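This report covers one protein chain.

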Amino acid sequence: MRHMLFSKFDMCPEVLSYHIAKRCRNNIVLDPFCGAGGNIIQLAMICKKVIAVDIEPNKIRMARHNAKIYGVAEKIEFIVGDIFLIYKKLKADVLFMSLPWGVPEYSRSKCYSIKTMCKNHDLLTLT
């Protein structure tokens, strides 16, 4: 019935997150901009451990809540922090990034990339 009502149901973010998570399968995955947790939940279903970072405490609270609903909270390390200040302390096999939406540079730029986002930061040396 859902396919009849919503022709693009299979293109929903959860399906997309699952597909991405399968491609990122590894021991430890770091999501430096985890938001409310849609991607980290799928990553935790497939990977051994996920490190979820967000600068907004409320987003970490929501991500933790959502991860509990899906039964994967114990596989996720939640960190409230600025990734640009703490990344050197974190170790992971895979870096997963779904860039944050709504930053000023995004709406003004014809091309938005990791280089644009990191122009004033040293994140490109993340290993």
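From the N terminus on, the elements of the protein chain follow the order α-α-β-α-β-α-β-α-β-α-α. That gives 7 helices and 4 strands. Helices (H or I, at least four residues) and strands (E, at least two) are DSSP runs, numbered from the N terminus.

The model is predicted: local features need pLDDT of at least 70, side-chain atom pairs count only at pLDDT 80 or more, and totals for chains, interfaces and linings use all residues. Residues are numbered from 1 along each chain as its sequence is written, and side-chain values use heavy atoms, with hydrogens and water left out.

The protein chain has 127 residues, of which 35% count as buried. Buried means under 20% relative accessible area, exposed over 50%, and partly exposed in between (1.4 Å probe, protein chains only). Take the contacts with a separation of 6 or more: residues 24 or more positions apart account for 56% of them. A contact means heavy atoms within 4.5 Å.

**Helix pair**

How do the axes of helix H3 and helix H4 cross? The axes of H3 (residues 38-46) and H4 (residues 57-70) come within 9 Å and cross at roughly 40 degrees. That makes H3 oblique to H4. Angles under 35 degrees count as roughly parallel, over 145 as roughly antiparallel, 65 to 115 as roughly perpendicular and the rest as oblique. The axes are lines fitted to C-alpha atoms, for helices over the stretch in contact, with angles from 0 to 180 degrees between N-to-C directions.

H3 supplies Ile40, Ile41 and Met45 to the contact, and H4 supplies Ala63, Asn66, Ala67 and Tyr70. These residues divide into 6 nonpolar, 1 polar and no charged. Ala, Val, Leu, Ile, Met, Phe, Trp, Tyr, Cys and Pro count as nonpolar, Asp, Glu, Lys and Arg as charged, and the others, Gly among them, as polar.

**Salt bridge**

The whole structure holds 1 salt bridge. The term needs a side-chain nitrogen of Lys or Arg within 4 Å of a carboxyl oxygen of Asp or Glu. Glu77 and Lys49 form the bridge through their side chains (3.1 Å, N to O). Glu77 lies in strand S3 (residues 76-80) and Lys49 in strand S2 (residues 49-54), so the pair ties together parts 28 residues apart in sequence.

**Accessibility**

| Residue | Relative accessible area | Class |
|---|---|---|
| Glu77 | 31% | partly exposed |
| Lys49 | 31% | partly exposed |
| Asn39 | 19% | buried |

Asn39 sits in helix H3. Not counting residues up to four places away in sequence, Asn39 touches Ser17, Asp31, Phe96 and Ser98.
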